[in-house]
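Please read the numbered points beside the display.

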Amino acid sequence: MEANTRSTGRLPAAFLTPGSSSFMDFLSDHSPEILPGNRSLPPMQGAIEAPHGTTIVAASFPGGVVLAGDRRATMGNMIAQRDIEKVFPADEYSAVGIAGTAGLAVEMVKLFQLELEHFEKVEGATLSLEGKANRLSTMIRSNLAMAMQGLAVVPLFAGYDVDREKGRIFSYDVTGGRSEEHGYAATGSGSVFARGSMKKLFRDDLTEEQTLTLVVQALYDAADDDSATGGPDVARRIYPIVTVITDEGFRKLNDTESAEIARAILERRLEQPDGPRAALL
């Protein structure tokens, strides 16, 4: 087939008329070796040292959802990168935040973006938000062999459900198990501290602006107790990646907007280092 393709300069018919709306199934049929979960690793001893993304948080509000992440990647006890981006648009109305092995996670996100685009082109319609969450679950499950060797990817998926007219959040485990979170969620090494912060500050009636502040406060609290999570770096002008998804689609806050929220929080923390207090009753 390859020789014939070279001589004619044309792609095989199967490439021009895919029989499946799943891009992953198409790759499995024609080039299974390039799928992340099908790659074989050389034998090795001990833990694999690879850059890891850390903390991702999400919170919903009436009219949408906010997804944000810190900027630090670690490799063991070292800071591998200070300005990594961990939140990506999946399509117009959804986004993925990555935690785990950074290289594999970014590759999985790109494959997920192609999967959704492929489905839309073949079927002439977009997947429901539930369908997108299920597709991502399948992709994570296909990476299980890698996860068992220490190269796990555990994303957070959020989007605006155009059918239900509200923001929704989905979390995953390394086996691809999917759970819908209500109100707020976090994943990564600092997730315990971020979730605890949001648990005390979250309300169902928060505005979009308040929710933006909430997730940055949560990331600050995570960085305060988890060495793998990076807080706002004023000296280097590195601030959290913050995104909003509403009925108008996906929007990423620019550096000026992120800096404004982070600096306001930092100023308040000079007076109250542990952050805002929740009422006892």
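Which residue in E7 is the bridge partner of Asp 91? The first point gives the reply, after two remarks on the source. This is a predicted model, in which local features need pLDDT of at least 70 and side-chain atom pairs count only at pLDDT 80 or more, while totals for chains, interfaces and linings use all residues. Residues are numbered from 1 along each chain as its sequence is written, and side-chain values use heavy atoms, with hydrogens and water left out.

1. The bridge partner of Asp 91 in E7 is Ser 94. Strands E6 and E7 (residues 94–97) run antiparallel and are joined by four bridges; two strands are said to pair if DSSP finds at least two bridges between them. Two residues form the link in the hairpin that joins E6 to E7.

2. In overall content, the protein has nine helices and 14 strands. Helices (H or I, at least four residues) and strands (E, at least two) are DSSP runs, numbered from the N terminus. Of the 281 residues in the protein, 47% are buried. Here buried means under 20% relative accessible area, exposed means over 50%, and partly exposed lies in between (1.4 Å probe, protein chains only). Among contacts with a separation of 6 or more, 64% are between residues 24 or more positions apart, a contact being heavy atoms within 4.5 Å.

3. Two further hairpins deserve attention. Strands E10 (residues 166–172) and E11 (residues 178–181) run antiparallel with four bridges, and Ile 169 stands opposite Glu 181 in E11. Five residues lie between E10 and E11 in their hairpin, and Gly 176 in the turn has a positive phi of about 95°. Strand E13 is likewise joined to strand E14 (residues 249–252) by four bridges in an antiparallel arrangement. Thr 243 has Lys 252 in E14 as its bridge partner, and the hairpin of E13 and E14 has two residues between the strands.

4. Is Thr 187 buried or exposed? Thr 187 counts as buried because its relative accessible area is 10%. This residue, Thr 187, belongs to strand E12 (residues 184–187). When neighbours within four places in sequence are left aside, the residues in contact with Thr 187 include Thr 54, Ile 56, Ala 99 and Val 154.

5. Asp 83 is classed as partly exposed because its relative accessibility is 39%. Beyond its neighbours within four places in sequence, Asp 83 is in contact with Arg 71 and Ile 238. The C-alpha atom of Asp 83 is separated by 8.5 Å from that of Asp 70, 13 residues away along the chain. The side chains of Asp 83 and Gln 81 make a polar contact (3.1 Å). A polar contact is a pair of N or O atoms within 3.5 Å; within protein, one must be able to donate a hydrogen and the other to accept it, and residues adjacent in sequence count only if both atoms are side-chain atoms.

6. Glu 165, with phi near 60°, lies in the loop between strand E9 (156–161) and E10. Glu 165 is exposed because its relative accessible area is 59%. Arg 237, with a positive phi of about 55°, lies in the loop between H8 and strand E13 (241–246). Arg 237 also counts as exposed because its relative accessibility is 64%.
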